[in-house]
Each structure stands twice: as C-alpha cells, then as structure tokens.
Amino acid sequence: MKEIGRFTTLSKVLLTSAVIYLAIVLLFVLFPRPILESADPSALQNFLINHSGIFYKILYADSSTISVSNFFLFTPAAALMKLVFPTLKSSYIFIGFLLLSLAIEAVQLLIPGRVSDWRDLLANGVSGGIGLISAMLIGVIKRKK
C-alpha cells in the first residue's frame with residue numbers, strides 16, 4: 001500500500017470513513033426531536049407520513065430498535081480508529097468514546113424532545129468495546145496470514 005506522509009492510503013480512507021461515520025452519528029443524536037402534542041399512536045403515524053425525512057423515521061423508531069442501535073453505535077468508529085492507529089492504547093480509544101458518549105448525553109439534556117439516559121452511556125461504552133475487540137481480532141487474523 002502506498003504511504004503518504006505517516007499514513008498509508010488505506011489508513012487515510014479508514015480515518016476519513018470514521019470521521020464521516022461519527023459526523024452522521026452526531027447529526028442523528030443531536031437532531032432535535034419535535035414534541036408531538038398527542039401521545040396517540042395514530043398522531044405519530046400521521047406525523048411520519050407528512051414528514052418523510054429519514055431523520056424523523058429514525059428519531060421516532062420503536063424503543064427496541066433504539067436500544068439495539070445504541071448498543072452498536074460506536075462499534076464501527078472504534079474499530080476503524082484502532083485499525084488506523086494500531087499503536088494507540090485501546091484504553092485511550094475506549095475512554096475517548098466514553099467521553100464522547102457522555103458529552104452527547106449531556107448535550108441532549110438541552111435539546112428539545114431528546115432524552116438523556118445513563119443506559120445509553122453504558123450501551124455506547126459496550127459498543128466501543130465491541131469495536132475495539134473486533135479491530136484486535138482483525139489485526140490477529142492479518143498477522144497470521
């Protein structure tokens with residue numbers, strides 16, 4: 001792989017992918033969630049029909065879908081960061097993603113319609129750990145070849 005400066009072309013692509021992914025994640029988790037006047041499920045259905053944007057479809061997904069997405073939210077980004085910076089201690093990357101999750105939860109307190117929850121922080125931490133473990137497994141497999 002061609003090396004440009006300190007990074008290979010592949011490393012630059014992986015880093016760019018991680019940055020784009022995190023930007024999209026931040027857009028979703030910091031996007032204001034309009035507060036509906038009625039708790040009636042048909043009102044939510046009508047709202048989603050009239051506001052067909054993907055943001056609203058994700059923001060008003062059912063709670064089990066949101067729980068699963070929180071559980072894997074940082075997995076790709078953590079894996080990509082470990083692959084780009086293999087010499088960086090995994091604990092630093094893990095703490096970085098925990099701090100990012102803490103910042104997101106704190107900011108969500110200020111955003112209309114958003115809810116901050118310690119379980120999201122925990123799920124995001126597990127997600128970062130899964131990403132780091134995945135990246136380390138990829139590294140082991142690459143070294144064996």
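This is a short tour of the structure above, stop by stop, with something to select at each one.

**Before you start**

The model is predicted, so local features are described where pLDDT is at least 70 and side-chain atom pairs count only at pLDDT 80 or more, while totals for chains, interfaces and linings use all residues. Numbering runs from 1 along each chain as its sequence is written, and side-chain values use heavy atoms, with hydrogens and water left out.

**Stop 1: the whole chain**

Show the chain as a cartoon. There are seven helices and two strands, taken from DSSP runs (helices are H or I of at least four residues, strands are E of at least two) and numbered from the N terminus. Along the sequence the pattern reads β-β-α-α-α-α-α-α-α.

Of the 145 residues, 28% are buried. Here buried means under 20% relative accessible area, exposed means over 50%, and partly exposed is in between (1.4 Å probe, protein chains only).

Contacts mean heavy atoms within 4.5 Å. Among contacts between residues at least 6 apart in sequence, 68% join residues at least 24 apart.

**Stop 2**

In soluble globular proteins, nonpolar side chains tend to be buried together.

Centre on L22 next. Leaving aside residues up to four places away in sequence, L22 touches F74, A77, F97 and L100.

**Stop 3: two rings**

Keep F74 and F97 on screen; both are buried. The model has one aromatic pair, counting rings of Phe, Tyr and Trp (its six-membered ring) whose centres lie within 6.5 Å, with planes under 30 degrees apart called stacked, over 60 edge-to-face and the rest tilted. The ring centres of F74 and F97 are 5.2 Å apart and their planes are at 45°, so this pair is tilted. F74 sits in the loop between α4 and α5 while F97 sits in helix α6, so the pair ties together parts that are 23 residues apart in sequence.

**Stop 4: helix α5**

Colour α5 by accessibility. Seven of its 10 residues are buried, so α5 is largely enclosed by the rest of the structure. The buried ones are T75, A77, A78, A79, L80, K82 and V84.

From here, step across to S90 in helix α6. S90 has 18% relative accessibility and counts as buried. Its contacts beyond four places in sequence are K82, L132 and M136. A distance label from S90 to A78 gives 9.2 Å between C-alpha atoms, for residues 12 apart along the chain.

**Stop 5**

Select L30, in the loop between α1 and α2 (41-50). L30 is partly exposed, at 30% relative accessibility. Beyond four places in sequence, L30 touches I104, V107, Q108 and I111. L30 and P112 are 82 residues apart in sequence, with 9.9 Å between their C-alpha atoms.

**Stop 5: the outside**

Select V68, F71, F72, W118, L122 and V126, which make a nonpolar surface patch of about 600 Å². Patches take residues with over 30% relative accessible area and no salt bridge, joining like charges within 9 Å and nonpolar side chains (Val, Leu, Ile, Met, Phe, Trp, Tyr) within 5 Å. Both α4 (63-71) and α7 (118-144) supply at least two residues, and α7 gives the most, with three. W118 belongs to helix α7 and is exposed at 62% relative accessibility.

Finish with D117 and R119, whose side chains meet in a salt bridge at 2.9 Å, N to O. The count for the model is one, where a salt bridge needs a side-chain nitrogen of Lys or Arg within 4 Å of a carboxyl oxygen of Asp or Glu. Buried or exposed: how does D117 count? D117 is buried at 18% relative accessibility, whereas R119 is exposed at 52%.

Technical notes: Accessible areas come from the Shrake-Rupley method with a 1.4 Å probe; for residues, only the protein chains shown count as cover.
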